[in-house]
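Please look over the sequence and the model shown below before reading on. The numbered points that follow are meant for a colleague who has not seen this structure before.

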Amino acid sequence: MPLAQVAPRADEHSKTKEPLPQRPRGPHPYRVGVAGRFSRPEDAPLRGVLAGWAAEYHGLVVAVAARALREQDQSLAEDIAQDVWLVAWQHLLSGQAVEKPRAFLAGKARRRVVDHYRLARVRREEGTDYSDSAAVARLASWIGAAA
């Protein structure tokens, strides 16, 4: 039966919907920061910590990521560094202490590179269609070249 011909249930006509709750009016509880983002006042000390780390260790994070990346992937070093800063911010927000920020950030950068290549490998493995004769021939040539 087409959808247009379906009759509503008899009990649906008698239902009254409750009105939606009203949004609170007035200023937003958090101040508006850069580009319209909201920031919580209680996070100000953590933002200061992260800004200090960024000023001191950004070059280190990029260098560690670049050193761990393959030569053809050097352009990803800044992207990896950005991921490291996001992880560091989330770590600080979770309330966990960091005694040695230099080692913490360098380790996170190396781990992000490893995760990048692991994810790329999974994508590459999932993308191979073994029913395609060209893909099988390419795979066989790779295996032959590696042997």
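**Notes on the model**

1. Aspartate 43 counts as buried because its relative accessibility is 8%, where buried means under 20% relative accessible area, exposed means over 50%, and partly exposed lies in between (1.4 Å probe, protein chains only). Aspartate 43 is found in the loop between strand 2 (38-39) and helix 1, and, once residues up to four places away in sequence are set aside, aspartate 43 touches Trp89 and Leu93, a contact being heavy atoms within 4.5 Å.

2. The model is a predicted one, in which local features need pLDDT of at least 70 and side-chain atom pairs count only at pLDDT 80 or more, while totals for chains, interfaces and linings use all residues. Residues are numbered from 1 along each chain as its sequence is written, and side-chain values use heavy atoms, with hydrogens and water left out.

3. As to the overall layout, the protein has four helices and two strands, and from the N terminus on these elements follow the order β-β-α-α-α-α. Helices (H or I, at least four residues) and strands (E, at least two) are DSSP runs, numbered from the N terminus.

4. Of the 147 residues of the protein, 20% count as buried, and the accessible surface comes to about 11,700 Å², with 56% of that surface belonging to carbon and sulfur atoms; these areas come from the Shrake-Rupley method with a 1.4 Å probe, and for residues only the protein chains shown count as cover. Among contacts between residues at least 6 apart in sequence, 57% join residues at least 24 apart.

5. Helix 1 deserves a careful look, since there is a kink of about 65° centred on tyrosine 57, the bend at a residue being the angle between axes fitted to the seven residues ending there and the seven starting there. Tyr57 is also one of the buried residues of helix 1, which include Leu50, Trp53, Leu60 and Val61 as well.

6. Which residues does leucine 60 touch, not counting residues up to four places away in sequence? Leucine 60, which has its place in helix 1, touches Arg102 and Ala106. The C-alpha atoms of leucine 60 and alanine 109 are separated by 9.3 Å, although these residues are 49 residues apart along the chain.

7. Helix 2 can be followed through glutamate 78, which lies in that helix and counts as partly exposed at 45% relative accessibility. Leaving aside neighbours within four places in sequence, glutamate 78 is in contact with His58 and Val62, and the C-alpha atoms of glutamate 78 and valine 62, 16 residues apart along the chain, are separated by 6.1 Å.

8. Two residues of the loop between helix 1 and helix 2 may be read together. Leucine 69 has its place in this loop and is buried, with a relative accessible area of 7%; not counting residues up to four places away in sequence, leucine 69 touches Gln74, Leu76, Ala77, Val113 and Tyr117. Leucine 69 and arginine 110 are 41 residues apart in sequence and 8.9 Å apart in space, C-alpha to C-alpha.

9. Aspartate 73 is found in the loop between helix 1 (44-68) and helix 2 (77-93), where aspartate 73 is buried yet has no salt bridge, the nearest side chain of opposite charge being that of arginine 70, 4.5 Å away. For charge, Lys and Arg count as positive and Asp and Glu as negative, while His and the chain ends are not counted. The side chain of aspartate 73 does make a polar contact with the side chain of tyrosine 117 (2.7 Å); a polar contact is a pair of N or O atoms within 3.5 Å, where within protein one must be able to donate a hydrogen and the other to accept it, and residues adjacent in sequence count only if both atoms are side-chain atoms.

10. How many salt bridges are there? The count comes to two, a salt bridge being a side-chain nitrogen of Lys or Arg within 4 Å of a carboxyl oxygen of Asp or Glu. Arginine 111 and aspartate 115 meet in a salt bridge (3.9 Å, N to O), and aspartate 115 and arginine 118 meet in a salt bridge (3.3 Å, N to O), so that Arg111, Asp115 and Arg118 are linked in a network.11. An α-helix has 3.6 residues a turn, so residues three or four places apart point the same way. Arginine 111 is partly exposed, with a relative accessible area of 43%, aspartate 115 counts as partly exposed at 28%, and arginine 118 is partly exposed at 48%.
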